Structure formats: structure tokens, C-alpha cells
Amino acid sequence: MICFEEVSKVFPGGTGEAAIADLTLRIEPGEMVFILGQSGAGKSTLLKLITLEQRPTRGRVTVGPFDSETITRRGIPHLRRHCGVVFQDFRLIKDKTIFENVAYCLRMTGTLEKLLITRAVSRVLHRVGIYGKRDRFPHELSGGEQQRAAIGRALIHQPPVLLADEPTGNLDAETGRDVLEVLAQLHLSGTTILVATHDEELARRYATRTLTLRNGRVVEDLFLRPHGTEVF
Ligand code: ADP
């Protein structure tokens, strides 16, 4: 469960206007929520408040067992493993193969045994459908394949929550739908998914719920279908 209680975020040195303004919100496990809104509405900031990449100026964010008011420095890496993140620009390491890009995340968090790494990386690459491309470098993959690799990397710690910030922003419409199909499959297997996008068409197709932001406030909160329902 993700909970925002009267959360505001004001960036220091900015205009003084809140990027997120007095937001109270509850997202249940298994939802697939699309956060909609124009550029500057506060979508990315909302996602960054979940991973505590940005701290709330006021209010409290709780994500499962993690609480913005009580979390310690040592708790932050645990929170980040609880929430996989996918970005518009994929953020793959250019001079590492797809396999190594994903394996790197495991090594960084202390998994060093080769067999364990091979198993875990193979599992996620199969899951996102690019196991056959594991020895290629990012520039040898299409945009859609690179985004699949990035999703695979985000899944390596088996997070219950996946956050995607404009995941189709660099892709054509058809490839974008392909990537959303991967997220929809993850959703059906129980992952809670939040997608920030300005693409309302994608949201209508895949969301169980849409939240529309304007000037950091929720102006519409629509439940479209029960969670766990097959998307056609
Ligand atoms: P969106 O993702 O909907 O485009 P953002 O969350 O990126 O919107 O931004 C919301 C508001 O917060 C905008 O006015 C933006 O300029 C401001 N903002 C975002 N990040 C920062 C930052 N690091 N420093 C100052 N202002 C920021």
C-alpha cells in the first residue's frame, strides 16, 4: 500500500509554488494507476516522493513498511529495492551488455555468486522477452527492447511496486503499446504499477485507475476497472 497524507513538495529556490500540493492519496496493492497531466503538473515529483528521491516538505508518505517520517539512511536502499523504477530514456549503461546491465544491480547490492546472478538475470530477461539479446549492447537493441531491458533491471529484486516515468516517451505508438503489454502482464502477476504519462489513450487501455494532476493537485481520480481484470 502507498499512502500520501497531506503531502506538499516545494522546491527550494523555485517560485515558491508547490510541485505537489496537499496531496492525500491511497493506492492499494495490485492497482495499475496512470498519473496523467500536462508537463509540469507534478507527475515525476509524485513518483520521486514514493522512492524518497525527493523528501516531502510537509506531510507523510508511506510505502508498505517504509515511512518518510521514520525511515533511516540505512532504510533507503531497502525502500529502493521495494520499488523498481523505469525511465523514459532507459538509462542503460552503454558499454555493458544487457546481461551485465541487469547483473550490475545485483552485484551493487551484494549478490556476488555467479550462479545466483546468472539465474536471477536469466529469469527477468525471459520475463520481459529479451533473453535472446542478453549478450548485445544497448545500442544494438531497438528502443522497445531497451525499455524491456530497463524493466528487467527494475524487476531484479522482485519489487512489489514498479514506477514508470513516461516509459513510452521515446517510443512510437506501437512499440509503446508493446512495452505497456509487458507492464500489464506484471500487473496481472500482482505487481502494483504506477505509470506517469501524458498519453490518455494508453491510460484508457491499461489503467485500473487514473489520477489527473494539475498544478500539483489531483483534479480527477477515476477507477476504470477492478484490479486484476484482464485487459483486452
Ligand atoms: P511533470 O512530471 O508532470 O512534468 P514535475 O514533477 O517534473 O512535472 O514538475 C512539477 C513542478 O516542479 C514543475 O513546476 C517543475 O518545474 C518543478 N520541479 C521539478 N523538479 C524540480 C527540481 N529538482 N527543482 C526545482 N523545481 C522542480
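Which residues of the largest nonpolar core touch the most other members? Here are a few notes on this predicted model.

1. Phe34, Val121, Ile151, Leu162 and Leu183 do, out of 40 residues in that core. A nonpolar core here is a set of buried Ala, Val, Leu, Ile, Met, Phe, Trp, Tyr and Cys residues joined through side-chain atoms within 4.5 Å, and buried means under 20% relative accessible area with a 1.4 Å probe, protein chains only. Helix α6 gives the largest share, six residues. A second, separate core has 28 residues, including Leu23, Val33, Ala41 and Leu79.

2. Beyond its neighbours within four places in sequence, Phe34 is in contact (heavy atoms within 4.5 Å) with residues that include Leu180, Val195, Leu202 and Tyr206.

3. Have a look at α5, residues 143–154: eleven of its twelve residues are buried, Ile151 among them. Its cover includes β6, α3, α4, β7 and α6. Helices (H or I, at least four residues) and strands (E, at least two) are DSSP runs, numbered from the N terminus.

4. The open, antiparallel sheet runs β2-β1-β4-β5. Because β2 and β5 stand at the edges with a single partner strand each, one side of each is left without a neighbour in the sheet. Strands pair if DSSP finds at least two bridges between them; β1 and β4 are joined by five, and Phe4 has Val61 as its bridge partner in β4.

5. On numbering and method: residues are counted from 1 along each chain as its sequence is written. Local features need pLDDT of at least 70, side-chain atom pairs count only at pLDDT 80 or more, totals for chains, interfaces and linings use all residues, and side-chain values use heavy atoms, with hydrogens and water left out.

Methods. Buried means under 20% relative accessible area, exposed over 50%, partly exposed in between (1.4 Å probe, protein chains only).
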